[in-house]
Amino acid sequence: MRQIKAPIDQLKKLQRRLAGLLNQCFDEINKKGKQKKSISHGFRKKHSIITNANKHKNKRHVFNIDLEDFFPSIHFGRIQGFFIKNSHFQLEPEVAITIAQIACHDKVLPQGSPCSPIISNLIGHLLDIRMVNLAKKTKCTYSRYADDLTFSTNKKEFSPKIAIKVEGNGNEWIPGNDLIKEIEKVKFRINKKKVSMQHKTARQTATGLVVNKKVNIKKEYYKKARSMCHSLFETDAFYLDKKLAEESEELEEVSTSHTGTSKSTEPKSDEFVFGTLNQLDGILSFIYHVKKGHDSRKFTTKRYKPTAILKLYRQFLFYKHFFSLNLPLIICEGKTDIIYLRCALRQLIDKYPEFIERKNGDYKFKIRFLNLSANFKDVFSVSAGTPGLASLIELYQEYMKPFKGAGKKQPVIMLVDNDDGAKDIKGKLKDKDFTKPFIYHLENLYLVPVPFAEGSTKTAIEDLFEKSLLEIKVDGKTFNRNDKIDPEKEYGKMVFAKKVVEAKQENINFSTFEQILDRFKGVIENYKSKMESAA
C-alpha cells in the first residue's frame, strides 16, 4: 500500500513548473553523459515499462529487486545537498533549500507530487551509474524503472557479486554483497521481500511483463480481459477482482460511474467489484500497446487482417463510444470543428439548453464530442478527415454485431463538410442526398452535412464565419484552410481555431451555426421517434 499525498492546486502548479525545468536539466545531463543508452525508464517521455522490459528479453537469467521506501528515503537534506554538491548543478544553498521546500512534505519526497518523479530520477542517476559499472564487471544488462532494478545475463553462471543462491532452498536467491554495498553507498536499501531470480526454463518477467522471447503480457491477464469484454458485450456489465481493479486504476483514471447501464444485482462475492468502462479501457489499452511491439498485422488486398488484441480493443472502443451512450455523440472531421462548435454553444447557450448549461460557474455540455486521438486512429487504422469517417461508416454495422445489451440509446452524428471532399463518405451511403438537413444511415448513425452558404453549392464549416474573421492576420500571416500552407506567410486551421475563434469568441457572430445545431436537434428528435416506434 502506498499513501498518496496530493498537493493543493497552487502548490501543484509550482511543482509542475519546477518539474518541467528539472526534466530539461535531466535530458541535458543524459545527452552529455558517456552512457548513450537509457538506464532509467520510469517517469520519462518515450520510456515505459515496455522499454525497460525490452532490455532483458531472451536472456538466460533475469534478477529483480526493489528498493525499500524509494520516495521517502529521499529526504530534505539529501535533496538540498544534491543540488549544492552535484557537478551538473552546484546551486547556491538558498536556491537548493527553496527547491527542497517546494518538493518535500514532512521533510521527505511525497508520493503524488509532480516533481517527486524527476527528483528521484536525478538522485537515482547516482545509483544507476554505480549499477551500470557493476553490471559491466559481471557481464550483465542493467535497467531501473522507479524503484524496480533488473539485471539479466546470458552467462551460464550468475555473478555472486549481484546475487547468491541460497543452498538447499529451491530457487531462493539473495542480493550479493557487492550489490548491497553499492546501493547503500548512495543511501538506498533493498526490500528483501521483493527479490527474485528467474531462469529461461520458466516464465521470466521484468516490471510485470514477460520477457522470455519477446516482451508480452501474462496469459492469464489477457484471458481475464477477454472474458470481461465478452460479459460486457453480452450483458452490459462485467466483474473485476479487487486486485485487478486496483491495478487498472494505475493504468487509467477511473470514472465514478459504471458502464452506463443500471445493475439490479450485487457483485458475486466480496472478492469482486463491478468494473467501469474506463477501467477496462485502461486494461485493454495497456495490453494493446505491449503487444503492438510485435504486432504481426497481415495485409490483404483491401486492408490488413487485425490481430486478436487489435480486434478485441476495436470492438470495445465501438461499444464504449458508439453503443453504450448516455448522451448524443458528435463526430467531426477534425479537432478544429469541435472548437468552433463549443464556442458557438457557449454563446448560444440560452437558445440551446438541451446541448449546454451553466453549472457551478462553468459550462457543462449535454452532448459528447468524439476525440479522434492518435490512439483511436491507430486502433481503427483510419486517417484524419473524411477518409477516416468513411472508414468508420464502412466498419459500423460489422462492429455493432457482437453487442446484445440495451445500448444505442442515443444517436451518433457525423458532421461533414458539404464539398468535394465528401465523395469518400457519399460512396459508403445508400442515401447520397446532401441537400437534406440530415441523413439516417443505419443502426444509430446519422450524417449532418454542413449547410450550404448563401449562393454556394460547396460549403466547409469555416464558410459559416464572417469574411472579416477569416481575413484576420496572426503574427502578420494570413489564414489558409488547406492542408499545405506556406509557414512563412500563412497559418492553418488550428491557429485559426485557437488564436482567432477561441480567443475572440465573445465578439463573434455565431448565428450561422444555428443551422447546424438545429439539424442536431432534428436528428435527436428523429431517433427518439424511431426508438419509440421500435418499442
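Predicted model: local features only at pLDDT ≥ 70, side-chain atom pairs only at ≥ 80, totals over all residues.
1. Let me start with Ile8, which has a relative accessibility of 61% and therefore counts as exposed, the cut-off being over 50%. Its place is in the segment before helix H1, which covers 9-32.

2. Now the overall picture. The protein chain contains 17 helices and 21 strands. Its C-alpha trace spans about 85 × 55 × 45 Å along the principal axes. The chain has 535 residues, and 46% of them count as buried. Taking contacts between residues at least 6 apart in sequence, 69% join residues at least 24 apart.

3. The accessible surface of the protein chain is about 28,800 Å², and carbon and sulfur atoms account for 49% of that. The chain carries 95 positive and 65 negative charges.

4. Is Phe376 buried or exposed? Phe376 has a relative accessible area of 3%, so it is buried, given the cut-off of under 20%. Its place is in helix H12, residues 374-380. Leaving aside residues up to four places away in sequence, Phe376 touches His321, Phe322, Leu370, Asn371 and Leu392. Arg314 is 62 residues from Phe376 in sequence, while their C-alpha atoms are 8.7 Å apart in space.

5. On to the salt bridges. Side chains of opposite charge can pair when their charged atoms come close. The structure holds 20 such salt bridges. One of them joins Arg189 to Glu68, with 3.2 Å between the closest N and O atoms. Arg189 sits in the loop between helix H6 (177-185) and strand E6 (190-199), and Glu68 in the loop between strand E1 (61-67) and helix H3 (76-85), so this pair ties together parts that are 121 residues apart in sequence. Both partners are partly exposed: the relative accessible area is 39% for Arg189 and 29% for Glu68. There is also a network of salt bridges here, linking Glu68, Asp69 and Arg189.

6. Which residue forms a salt bridge with Glu182? The partner is Arg130, and the closest N and O atoms are 3.0 Å apart. Glu182 lies in helix H6 and Arg130 in helix H5 (residues 116-137), so the pair ties together parts that are 52 residues apart in sequence. With a relative accessible area of 18%, Glu182 is buried, whereas Arg130 is partly exposed at 31%. The value for Glu182 can be read against the cut-off for buried residues, which is under 20%.

7. A further salt bridge runs between Glu514 and Lys351, where the closest N and O atoms are 2.7 Å apart. This pair links distant parts of the chain, 163 residues apart: Glu514 is in helix H17 (residues 514-534), and Lys351 is in the loop between helix H11 (335-347) and strand E14 (356-359). Glu514 is buried, its relative accessible area being 17%. Lys351, at 48% relative accessibility, counts as partly exposed.

8. Finally, some backbone angles to look at. Most residues other than glycine have a negative phi. Gln90 is not a glycine, yet its phi is positive, at about 50°. The residue lies in the loop between H3 and helix H4 (93-103). Gln90 is exposed, with a relative accessible area of 54%.

9. Thr207 likewise calls for a look at its backbone: this residue other than glycine has a positive phi, near 45°. Where does Thr207 lie? Thr207 is in the loop between strand E7 (205-206) and strand E8 (209-210). With a relative accessible area of 15%, Thr207 is buried, whereas Gln90 is exposed.

Methods. Residues numbered from 1 in each chain as written. Heavy atoms only, no water. Helix = DSSP H or I, 4+ residues; strand = E, 2+ residues; numbered from the N terminus. Buried < 20%, exposed > 50% of the residue type's maximum accessible area, 1.4 Å probe, protein only. Contact = heavy atoms within 4.5 Å. Areas by Shrake-Rupley, 256 points an atom, 1.4 Å probe, with all protein chains shown as cover. Lys, Arg positive; Asp, Glu negative; His and termini not counted. Charge placed at Lys NZ, Arg CZ, Asp CG, Glu CD. Salt bridge = Lys/Arg side-chain N within 4 Å of Asp/Glu carboxyl O.
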